[in-house]
Amino acid sequence: MKQDLLNLTPDASAALLTEFVAEQQLPSYRSRQVHRRLWEHPAPSFAAMTELPMTLRDVLAQRFALGRLQLEAHQVSTDGTQKFLFRLHDGQTIETVAIPEGDRLTLCISSQAGCALQCAFCATGAMGFARNLEPFEIAGQVRELLLLVPPLKPTNIVFMGMGEPLMNWKAVDPVLTILNSPRGLGIGARHITISTVGILPGIEALGRRPEQFRLAISIHAPTDVLRRSLMPVNIRYPLADVVAAAKVFDRRTTFEYVMLAGINDRPEHASQLAALATACRAFVNLIPLHPGGAGEFKPTPAREIGQFAQALRRAGVEVAIRRSRGTDIAAACGQLRVERLRRRPPVSADEHGDIQVA
Ligand code: SAH
């Protein structure tokens, strides 16, 4: 199998290209020239690197791969959110969502095809786990959008698409380097967020990285009994351990909390959640439940989400209420799944009216 240059960190691909160029007895600047076309000025193929001599393009293509993802579907929401469905070489499909907001463009990327965690309200969990993505398939989601005409250039990246990033650390670790490195995609570490259910070894590994990557933990319930019923992973990594890991993590953590009517939205839940958030100085993001996930859950009404937020705030916790985006194209968090496998009726955007960030 040919080595895929997009599976490597920028340093590793640069070293390989330097070696290759020396072996081919070519001038050393050729290596830098090729490298720029990996991430900084992405080229769709070696053949498209027309600044290189034809023979060099041929030899490169014989020796190396430049993995692509096939864009199979593209939908645009009335609110400007865009959803992309990519097909991978083995037929698996993954989704990527681009969310514009003012000057920002946040890309929500997938780290696995499917997911093994089976959170009760999540569509990806309902489809089961297929496989881990390789680095080029994760970073490639960003690269493919840069190759569009006109290109879509993200300012922020969130690992909140399909899959659990910290169960695929082997790939996510080099991808973080690719995303952040100036010789990669050059996105600031503070603009890159890893969202996890609380996989402890992964949180520790992320904490050992020197860059200021952001951590978001999907808490969703303030007691072990309730959390276990919603998120089976809580049996392996209970709340106390997750909170302890967030405390050790030397950067500010965000708690994600999806509001499920009658399940986790009572006043006592707010005070229990406030205690957990205070213990590790976490910022809390309340997420309205998006229909089209899994299970029979109902969203907490907006007014009650506001009251829950107020209760947290009175307890000294910083809170934001996340806005629903892209609901009409099933692009909201927890809704990503291959619609071709099982179609759901689309939901109109105003039916779930955007909720202002509190
Ligand atoms: N596995 C990671 C990242 C992917 S999910 C994690 O769980 O954090 C990104 C976020 O969407 C998580 O907080 C997840 O719990 C949430 N989510 C899943 N289904 C949802 C739904 N139907 N409505 C709202 N949020 C949902």
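How many residue pairs are in polar contact between domain 1 and domain 2? In this predicted model, the count between the two domains is six residue pairs, both residues of each pair being at pLDDT 80 or more.

**View 1. The two domains and the area between them.** The domain assignment of the protein places residues 3-65 in domain 1 and residues 70-351 in domain 2, and the centres of these domains, taken over C-alpha atoms, are separated by 34 Å. Contact between them involves 17 residues of domain 1 and 15 residues of domain 2. Together the domains bury about 1400 Å², of which 63% is on carbon and sulfur atoms; Asn-7, Pro-10 and Trp-39 supply 43% of the area that domain 1 buries against domain 2, more than any other three residues.

**View 2. The salt bridge and the helices at the domain boundary.** One salt bridge is counted between domain 1 and domain 2. Asp-11 forms a salt bridge with Arg-183, with 3.1 Å between the closest N and O atoms. On the side of domain 1 that touches domain 2, helix 1 (10-23) and helix 2 (29-36) each supply at least two residues, and the largest share, three residues, comes from helix 1.

View 3. Ten strands form an open sheet with mixed pairing in the order 3-4-5-6-9-10-11-12-13-14, and its edge strands, each pairing on one side only, are strand 3 (70-76) and strand 14 (319-321). Neighbouring strands of this sheet are turned by 20° against each other on average, direction ignored.

**View 4. Strands 10 and 11.** Strand 10 (residues 192-196) pairs with strand 11 (residues 214-218) in the parallel sense over four bridges, and the bridge partner of Thr-196 in strand 11 is Ile-217.

Terms used: Residues are numbered from 1 along each chain as its sequence is written. This is a predicted model: local features need pLDDT of at least 70, side-chain atom pairs count only at pLDDT 80 or more; totals for chains, interfaces and linings use all residues. Side-chain values use heavy atoms; hydrogens and water are left out. Two strands pair if DSSP finds at least two bridges between them. Axes are lines fitted to C-alpha atoms, for helices over the stretch in contact, and angles run from 0 to 180 degrees between N-to-C directions. Domain bounds come from an automatic or database domain assignment. Contact means heavy atoms within 4.5 Å. Buried area is the accessible area (1.4 Å probe) that two parts lose on being put together, summed over both. A salt bridge is a side-chain nitrogen of Lys or Arg within 4 Å of a carboxyl oxygen of Asp or Glu. A polar contact is a pair of N or O atoms within 3.5 Å; within protein, one must be able to donate a hydrogen and the other to accept it, and residues adjacent in sequence count only if both atoms are side-chain atoms.
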